[in-house]
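Please look through the structure below before reading on. My comments follow as numbered points.

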Amino acid sequence: QELRLMFDGAPIGMFTAGLDGLFNEVNPALVGLLGYSAEQLLGMRCAELTVESDRPALESAYRALVSGARSSFNCRVRWMRSDGEVLTVEIHAAVAG
């Protein structure tokens, strides 16, 4: 319950994603930041938002995480908002559970 309140009330964009890269959960701050609805984001992968030239670094870090070679990663990439504006975001990721 407390984690849910922190996730939903966080002033920064937060999400969870599955091993397939699909968003599982997105918080209201991420929805506002990116201009997509929560429903739209839940049908997307993180890489789909990522500017094409930034995808290799993100995908490499994600593969290392999924394979168990790394327990976490930090990656700065550019994401495209729904209106086409480009934002620099910093992703901090770890395998839960």
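**Notes on the protein chain**

1. Start with the surface. The protein chain exposes about 6,100 Å², and 54% of that comes from carbon and sulfur atoms. Keep in mind that this is a predicted model.

2. On charge, there are 12 negative side chains and 8 positive ones. The centres of these two sets lie 6 Å apart.

3. Next, the secondary structure. The protein chain has five helices and four strands. Along the sequence they come in the pattern α-β-β-α-α-α-α-β-β. The radius of gyration is 13 Å, close to the 13 Å that the globule rule gives for 97 residues, so the protein chain is as compact as a globular protein of that length. Taken along the principal axes, its C-alpha atoms fill a box of roughly 35 × 30 × 20 Å.

4. What share of the 97 residues counts as buried? The figure is 31%. As for contacts with a separation of 6 or more, residues 24 or more positions apart account for 31% of them.

5. Now the interior. In soluble globular proteins, nonpolar side chains tend to be buried together. Here the largest nonpolar core has 20 residues, and those touching the most other members are Phe23, Leu34, Leu41, Leu49, Phe73, Trp79 and Ile91. At least two residues of this core come from each of strands S2 (23-26), S3 (72-80) and S4 (86-94), and likewise from each of helices H2 (28-34), H4 (46-49) and H5 (55-67).

6. Take Leu34 as one example from that core. Leaving aside residues up to four places away in sequence, Leu34 touches Leu41, Leu49, Trp79, Arg81, Ser82 and Leu87.

Definitions and conventions. Residues numbered from 1 in each chain as written. Predicted model: local features only at pLDDT ≥ 70, side-chain atom pairs only at ≥ 80, totals over all residues. Heavy atoms only, no water. Rg over C-alpha atoms; globule rule 2.2 N^0.38 Å. Buried < 20%, exposed > 50% of the residue type's maximum accessible area, 1.4 Å probe, protein only. Contact = heavy atoms within 4.5 Å. Areas by Shrake-Rupley, 256 points an atom, 1.4 Å probe, with all protein chains shown as cover. Lys, Arg positive; Asp, Glu negative; His and termini not counted. Charge placed at Lys NZ, Arg CZ, Asp CG, Glu CD. Core = buried A, V, L, I, M, F, W, Y, C linked by side-chain atoms within 4.5 Å.
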